[in-house]
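I set out to look up the overall build, the ligand shell and a few strands and loops. The notes are kept in the order in which I took them.

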Amino acid sequence: MKYFQPQSVREAVEIARTSEADFLAGGTDLVLHMQTGKIQPIALIDLGKISELKLIRKTPEYLEIGSMATFAELGQNELIDKHAHALWLACQTMGSPQIRNQATLGGNLGNCSPAADGLPPLLALGAEVELISGNGDEVVSLERLLSRTPLLTQDTLIRGFRIPLKGLQSGFAKLGRRRALAIARLSVAVAIEIEGDLATDVRVALGAVGRRAFLSESLAQELSGQEINEAWIEKGVEQVQRIVREALGARASAPYKRVAVAGVFREALASFIPEGGLKA
Ligand SMILES: Cc1cc2nc3c(=O)[nH]c(=O)nc-3n(C[C@H](O)[C@H](O)[C@H](O)COP(=O)(O)OP(=O)(O)OC[C@H]3O[C@@H](n4cnc5c(N)ncnc54)[C@H](O)[C@@H]3O)c2cc1C
């Protein structure tokens, strides 16, 4: 099998376009898939030497994250903690310390498992994804990207993510520990824009209740523009249970997940709403 180690994004995309090779990031998913025979790449393009893909920085408008930033790097970064707290929280509980050292956020999206821990926080925070392919550059909201099939064409490189700096407060919680190949059973990310005592814009994303993580439009409508109090939380619990019931239909896990999501939703809120309520 051929192995390439490009020094730049353009070089990587050009190799992908001409060689039908697969991108290799941390390899925590890809190498396993190769071992089990699920994927048999013709060639690999190791992205590890492209330093721009590892950047984590703040511009006046965005928090920018290169696709090769690892979960360990993100989970130790103060900018992520401050401006993308839900993602920071997800990085603390993802996999094991060894996995977090290897696994990248770009690979999490590239693999796009239903239980990918990075995706609900990015969805809730309104992240956009920067893509580069033989056809040119594109910036697309993660929400829209996740509705595409296939997610990416073979020669499309995820350059990185940009999270608008809107001063959102956010949190994350998940149920179930991921052992070896078992997947997280449920995850919830919540991001809220606050004005005074009001939650003006509420975004809730769910993981492991569908084929891919998704943002709930109806929850946003039900919960936005209101004061955060116990009644609001109860309404959220009721609605999130309805969404899980609708998403899972008659699947065997449905009754269990419908009950469990109530606790995970509360935990996600408690991960950033201090006792006594929100402070603007
Ligand atoms: C023991 C174990 C525990 C795990 N626990 C968790 C967990 O708790 N939560 C969780 O979410 N995941 C978990 N995972 C899954 C995995 O670690 C993550 O999905 C990880 O983020 C994948 O990143 P990677 O850098 O290793 O990607 P790779 O394995 O290198 O790549 C994955 C896929 O993405 C593509 N890709 C990678 N980078 C790019 C790019 N820049 N542009 C385009 N395509 C790209 C690759 O071609 C490949 O198809 C676990 C895996 C293992 C083995």
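The entries below run from the whole chain to single residues.

**Entry 1: the chain as a whole**

I noted at the outset that this is a predicted model. I looked up the secondary structure of the protein chain and found 12 helices and 13 strands. The radius of gyration of the protein chain is 19 Å, close to the 19 Å that the globule rule gives for 280 residues, so the chain is as compact as a globular protein of that length. Along the principal axes, the C-alpha atoms of the protein chain fill a box of roughly 60 × 45 × 35 Å. I recorded that 39% of the 280 residues count as buried. For contacts between residues at least 6 apart in sequence, I read that 63% join residues at least 24 apart.

**Entry 2: domains and the ligand shell**

The division I found is into domain 1 (1-46) and domain 2 (169-270). Their C-alpha centres lie 35 Å apart. Where does the ligand lie relative to domain 1 and domain 2? Both domains give residues to the shell around the ligand, so the ligand lies between them.

I then looked up the shell itself, in which 31 residues surround the ligand. The closest are Ala-25, Gly-26, Gly-107, Asn-108 and Gly-110. At least two shell residues each come from strand S2 (22-24), helix H2 (30-36), helix H6 (97-102), helix H7 (105-111) and strand S8 (157-164). H7 supplies the largest share, with 5 residues. Sorted by class, I have 15 nonpolar, 12 polar and 4 charged residues in the shell.

I followed strand S10 (residues 186-195) to its partners on either hand. With strand S9 (residues 169-175), S10 pairs in the antiparallel sense over 7 bridges. Within this pairing I noted two bridge partners: Val-188 of S10 for Ala-173, and Val-190 of S10 for Gly-171.

With strand S11 (residues 198-207), S10 again pairs in the antiparallel sense, here over 9 bridges. S10 and S11 form a hairpin with 2 residues between them. Gly-196, in the turn, has a positive phi of about 60°.

Are S9 and S10 mostly covered or mostly open? I found S10 mostly covered, with 7 of its 10 residues buried. S9 is mostly covered as well, with 5 of its 7 residues buried.

**Entry 3: Ala-199**

I looked up Ala-199, which is found in strand S11. Ile-194 stands opposite Ala-199. Ala-199 has 20 C-beta neighbours inside 10 Å and therefore counts as buried, for which 20 or more are needed. Leaving aside neighbours within four places in sequence, I listed its contacts as Ile-192, Ile-194, Leu-223, Ser-224, Gln-226 and Ile-228. Of these I also looked up Leu-223, which is 24 residues from Ala-199 along the chain, with 7.8 Å between the C-alpha atoms.

**Entry 4: Gly-134**

Gly-134 has its place in the loop between strand S6 (128-133) and strand S7 (136-141). I recorded 14 other C-beta atoms within 10 Å, so Gly-134 is partly exposed. Leaving aside neighbours within four places in sequence, Gly-134 is in contact with Val-13, Arg-17 and Asp-155. I also took the C-alpha to C-alpha distance from Gly-134 to Leu-157, which is 9.5 Å at 23 residues apart in sequence.

**Entry 5: backbone exceptions**

Most residues other than glycine have a negative phi, and most peptide bonds are trans. I therefore looked for exceptions to this general rule.

Cys-112 has a positive phi of about 50° although it is not a glycine. I placed Cys-112 in the loop between H7 and helix H8 (119-124). With 18 C-beta neighbours inside 10 Å, Cys-112 counts as partly exposed.

Ala-208 also has a positive phi, near 65°, and is a residue other than glycine. It lies in the loop between S11 and strand S12 (214-215). I found 25 C-beta neighbours inside 10 Å, so Ala-208 counts as buried.

Which residues does a cis peptide bond join? I found this bond between Thr-149 and Pro-150, with omega about -5°. Pro-150 is found in the loop between helix H9 (142-145) and S8.

How values were computed:
Residues are numbered from 1 along each chain as its sequence is written. This is a predicted model: local features need pLDDT of at least 70, side-chain atom pairs count only at pLDDT 80 or more; totals for chains, interfaces and linings use all residues. A residue is buried if 20 or more other C-beta atoms lie within 10 Å of its own, exposed if 12 or fewer, and partly exposed in between; C-beta atoms are placed from the backbone. Helices (H or I, at least four residues) and strands (E, at least two) are DSSP runs, numbered from the N terminus. Two strands pair if DSSP finds at least two bridges between them. A residue is near a molecule or strand if its C-beta atom, placed from the backbone, lies within 6 Å of it. Ala, Val, Leu, Ile, Met, Phe, Trp, Tyr, Cys and Pro count as nonpolar, Asp, Glu, Lys and Arg as charged, and the others, Gly among them, as polar. Domain bounds come from an automatic or database domain assignment. The radius of gyration is taken over C-alpha atoms; the globule rule is 2.2 Å times the number of residues to the power 0.38. Two residues are in contact if their C-beta atoms, placed from the backbone, lie within 7 Å.
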